[in-house]
Amino acid sequence: MVSNREPVVHERVAEGVRVLRPASGMVAAIEPIVRAVGGTWIAHGSGSADRLVAGERGRIALPPEDPKYVLQRVWLTRAEEDGYYYGLSNTAIWPLCHHVYSRPRFSRCDWDAYRAVNKRFRDAVLEEAGSGPAIVFIQDYHLSLLPRLIKEARPDIKVIQFWHIPWPNRETFRICPFAEELLDGLLGNDLIGFHIQYYCRNFLGTVDRGIESRVDYENFRAFRGGHSTYVRAFPISVDYARIGMDSESPAVRLKMAGFLEELGESNGGKLFVGADRIDYTKGIPERLRAFDLMLRRHPELKAKATLVQLAAPSRTHIEAYRKLNDELDDLIDEINWRHQTETWMPIRFLRGHHDYHAVLAAYRLAHVGLVTSLHDGMNLVAKEFISARTDGDGVLILSIYTGAARELADALLVNSYDIDQMADAMHAAYLMPAEDYRPRMGRMRAQVQGNNVFRWGARIFEESERILAPEVAW
């Protein structure tokens with residue numbers, strides 16, 4: 001397994017070293033599979049105490065109490081991290097692939113850093129693979145060049161990649177000055193997966209018109225330089241059973257009690273809960289404005305409904321993210337000032353890195369779960385929320401611009417750009433009787449249970465076995 005994000009981060013704190021699970025849908029989805037099958041996970045060591053706990057080669061067995069796999073950390077310099085991660089990955093590729101009207105910024109220096117870091121990951125992969133047969137499973141958009149780099153060094157290694165964010169249409173992608181190199185890198189894969197078929201078609205259309213190649217639309221594959229790359233849709237999911245079990249644990253019950261104590265006795269009765277990184281694709285200002293509009297239209301709900309937003313700080317080195325934080329602070333202050341009473345605050349914005357059990361506790365307390373992304377490849381918060389509701393309660397408001405909306409028709413689906421519609425949906429969710437929302441939740445739980453993350457992983461490797469069987473012994 002290869003990804004930029006590592007499954008755990010070790011941070012220096014006053015008490016010593018604190019272990020954190022990053023706020024990452026990719027990690028939430030992938031870690032249970034790696035834990036189940038073993039192997040080596042190669043990732044960027046980003047924590048302030050990562051070097052302290054890793055061995056001489058940057059390796060650490062996880063989980064420490066009962067090791068199931070090895071984490072191999074790749075160390076990057078500050079300049080490499082600036083150019084590769086904050087630069088090319090998140091000020092160019094991220095906005096390029098999300099239709100959220102944040103203009104991508106392309107820099108030759110960032111591109112050079114991106115190329116250099118992809119080569120660093122290649123070296124780590126080749127060292128780990130040795131001279132024997134190997135299968136490498138790459139995650140996400142930070143490592144677009146890695147498949148081709150591996151193939152150039154070791155054509156026999158089988159390379160699979162999963163792209164966790166949307167893929168735009170050809171006209172959007174063609175503005176990227178590095179488009180041809182990125183496509184060439186991705187066509188080093190034997191198999192590349194996207195969340196939904198729409199992104200597969202977009203990718204093939206981009207390849208067809210953006211680089212010298214031949215595209216076979218009937219079998220969804222592309223040929224370049226005598227090598228074929230299969231393109232398939234694999235909607236990702238979560239560890240449904242584990243989340244359900246953990247959501248009933250004493251640790252979650254303790255966190256629930258802590259939240260209720262923090263909110264106070266006048267917590268507003270019914271809780272609307274969102275849990276996101278602070279990112280302009282997540283539609284956080286839009287959901288706050290919709291909640292504000294609901295309260296203005298229905299003042300009888302004041303002191304009866306509270307919006308609790310768990311908000312993990314993210315990419316604050318990037319100007320667009322700093323501006324978003326400032327916008328949120330101003331907006332929350334404005335809305336709370338307009339509606340608050342002496343004993344009730346309509347919006348509780350809990351900025352910080354909340355751990356796994358705290359997030360589950362928030363899901364369990366929610367009357368309404370809020371996922372209002374402006375554009376999202378899948379969005380696993382929606383599926384985590386459903387998995388955590390073993391009590392069968394809860395209403396999900398879900399953006400139609402998420403991949404999850406294709407599977408969860410029993411959510412209240414909204415256009416997250418339409419504030420009026422979202423306010424109406426929030427009001428409907430508030431009033432929805434149990435005889436309506438419980439059957440909806442039951443059907444959504446059955447959907448996620450039958451299509452959990454292990455089924456996702458099995459589909460990828462079943463497809464790999466089918467299409468690559470004549471070439472490799474599994």
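This passage describes the overall fold of a predicted model and then turns to its cysteines and a few individual residues.

The chain is built from 17 helices and 17 strands. Its radius of gyration is 22 Å, close to the 23 Å that the globule rule gives for 474 residues, so the chain is as compact as a globular protein of that length. Laid along its principal axes, the C-alpha trace spans about 65 × 50 × 40 Å.

The surface comes next. The accessible surface of the chain amounts to about 19,600 Å², and carbon and sulfur atoms account for 49% of this area.

Readers planning to look at the cysteines may wish to start with the disulfides. A disulfide is a covalent bond between the sulfur atoms of two cysteines. A search of the whole structure finds zero of them. Cys97, for one, is in no disulfide, and the nearest cysteine sulfur, which belongs to Cys176, is 8.8 Å away. A pair would have to bring its sulfur atoms within 2.5 Å to count as a disulfide. Cys97 is also buried, with a relative accessible area of 1%. Cys109 presents another case: its relative accessibility is 61%, so Cys109 counts as exposed. The closest cysteine sulfur to that of Cys109 is again in Cys176, but the distance is 15 Å, too far for a bond.

Glu31 sits in helix 1, which covers residues 25-37. With a relative accessibility of 12%, Glu31 counts as buried, because the cut-off for burial is under 20%. Leaving aside residues up to four places away in sequence, Glu31 touches Pro7, Trp41 and Tyr69. Trp111 lies 80 residues from Glu31 in sequence, and the two C-alpha atoms are 29 Å apart in space.

The backbone also has some details worth a look. Leu62 and Pro63 are joined by a cis peptide bond, with omega at about -15°. Pro63 belongs to the loop between strand 4 (59-62) and strand 5 (69-74).

Positive phi values are found at two residues described here, Ala303 and Asn379. Ala303 is not a glycine, yet its phi is about 70°. The loop that holds Ala303 runs between helix 11 (284-297) and strand 13 (305-312). At 39% relative accessibility, Ala303 counts as partly exposed. For Asn379, likewise a residue other than glycine, phi is near 80°. Asn379 is placed in the loop between strand 15 (368-371) and helix 14 (380-388). Although in a loop, Asn379 counts as buried, with a relative accessibility of 6%.

Notes. Residues are numbered from 1 along each chain as its sequence is written. This is a predicted model: local features need pLDDT of at least 70, side-chain atom pairs count only at pLDDT 80 or more; totals for chains, interfaces and linings use all residues. Side-chain values use heavy atoms; hydrogens and water are left out. Helices (H or I, at least four residues) and strands (E, at least two) are DSSP runs, numbered from the N terminus. The radius of gyration is taken over C-alpha atoms; the globule rule is 2.2 Å times the number of residues to the power 0.38. Accessible areas come from the Shrake-Rupley method with a 1.4 Å probe; for residues, only the protein chains shown count as cover. Buried means under 20% relative accessible area, exposed over 50%, partly exposed in between (1.4 Å probe, protein chains only). Contact means heavy atoms within 4.5 Å.
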